[in-house]
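Subject: Structure handover

Hello,

Here is the structure for you to look through. My notes follow below it.

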Amino acid sequence: MRIRIVDAFTDRPFAGNPAGVLLLDAFPDDEWLQNVAREVNHAETAYAHRLPEGGEADWALRWFTPATEVAMCGHATLATAHVLHTTGSHEGPVRFATRSGVLIATPHEDGSLTLDFPTAPLTPVEVPEGAAQALGAEPLAAFDTGPNVGDLLVELADEKTVRGLTPDHKGLGRHSERGFIATARAEDPSRGYDYVSRCFFPNVGIDEDPVTGSAHTALAPFWSERLGRPSLTGLQASPRSGRVRTELRGDRTLLTGHAVTVIEGDLLA
């Protein structure tokens with residue numbers, strides 16, 4: 001079967017967030033899915049198969065990190081939609097049946113794709129004892145992001161602080177379900193982004209994720225409320241880096257970005 005590596009939330013190779021993508025006839029057993037994800041060894045590997053016509057979704061979709069299956073993944077959904085459209089496997093908007101409900105990806109003439117995801121509910125919480133030490137910075141505020149995302153979102157003082165983080169990943173893992181989203185307002189919005197973030201997910205085997213679509217379902221409502229605009233652009237300031245355009249629509253968040261296929265080959269196992 002064909003396997004592809006796609007860089008998501010970028011319009012150039014070797015940037016954004018890489019994901020493995022496999023289009024299948026049906027889902028094999030979970031052990032095989034996990035073994036392939038471990039072999040691919042990217043933040044996520046996505047598996048999709050076509051569903052019968054007439055249902056609420058067109059394709060079934062699952063995501064695995066090298067360590068576990070996850071409930072939601074934005075960049076691997078973008079990567080999968082990119083593969084479906086560039087290979088002619090699907091035309092127009094595609095509806096994915098997932099553990100987080102039906103997620104829709106809509107292609108645009110410029111090659112970008114927009115994902116329609118549930119907005120993460122933000123609940124203010126106290127910063128857990130020891131979390132600031134593990135992160136390496138004192139949060140201004142902290143928020144639980146609900147069951148689909150499963151992170152602790154923390155606002156930091158400024159962009160420089162976010163960029164300079166060198167956290168204790170093992171320590172972070174004790175304070176959230178999946179990990180931490182660290183964010184701050186952009187120092188200079190004229191550079192084309194409104195806020196910055198970095199994402200650390202030690203509990204699913206990812207010390208730092210390059211660009212995280214699911215995290216932006218929490219970042220969008222957080223920053224839209226503070227900046228007074230529903231449409232924003234977030235820069236995830238990882239070493240690979242990537243930008244996500246976000247539009248808040250109540251209980252739904254639209255995430256827009258490009259993707260690039262960088263590797264295509266045969267999976268023999």
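Is Glu 208 buried, partly exposed or exposed? Glu 208 is partly exposed, with a relative accessible area of 23%; buried means under 20%, exposed over 50%, and partly exposed in between, with a 1.4 Å probe and protein chains only.

Before the rest, some ground rules. The model is predicted, so local features need pLDDT of at least 70 and side-chain atom pairs count only at pLDDT 80 or more, while totals for chains, interfaces and linings use all residues. Residues are numbered from 1 along each chain as its sequence is written, and side-chain values use heavy atoms, with hydrogens and water left out.

Salt bridges

Side chains of opposite charge can pair when their charged atoms come close. A salt bridge here is a side-chain nitrogen of Lys or Arg within 4 Å of a carboxyl oxygen of Asp or Glu, and the count is 15. Glu 208 has such a bridge with Arg 198, with the closest N and O atoms 2.8 Å apart. Arg 198 lies in strand 13 (residues 195-201) and Glu 208 in strand 14, so the pair ties together parts that are ten residues apart in sequence. Strands (E, at least two residues) and helices (H or I, at least four) are DSSP runs, numbered from the N terminus. Arg 198 counts as buried, at 8% relative accessibility.

Arg 62 is also buried, at 16%, and forms a salt bridge with Glu 69 at 2.9 Å between the closest N and O atoms. For Arg 191 and Asp 188 that distance is 3.9 Å; Arg 191 is partly exposed at 46%, and so is Asp 188 at 28%. Arg 2, Arg 4, Glu 264 and Asp 266 are linked in a network of salt bridges.

Thr 253

Thr 253 lies in strand 17 (residues 252-257) and counts as buried because its relative accessibility is 0%. Its side chain makes a polar contact with the side chain of Thr 119 at 2.7 Å. A polar contact is a pair of N or O atoms within 3.5 Å; within protein, one must be able to donate a hydrogen and the other to accept it, and residues adjacent in sequence count only if both atoms are side-chain atoms. With contact meaning heavy atoms within 4.5 Å, and residues up to four places away in sequence not counted, Thr 253 touches several others, including Phe 117, His 216 and Leu 248.

Regards
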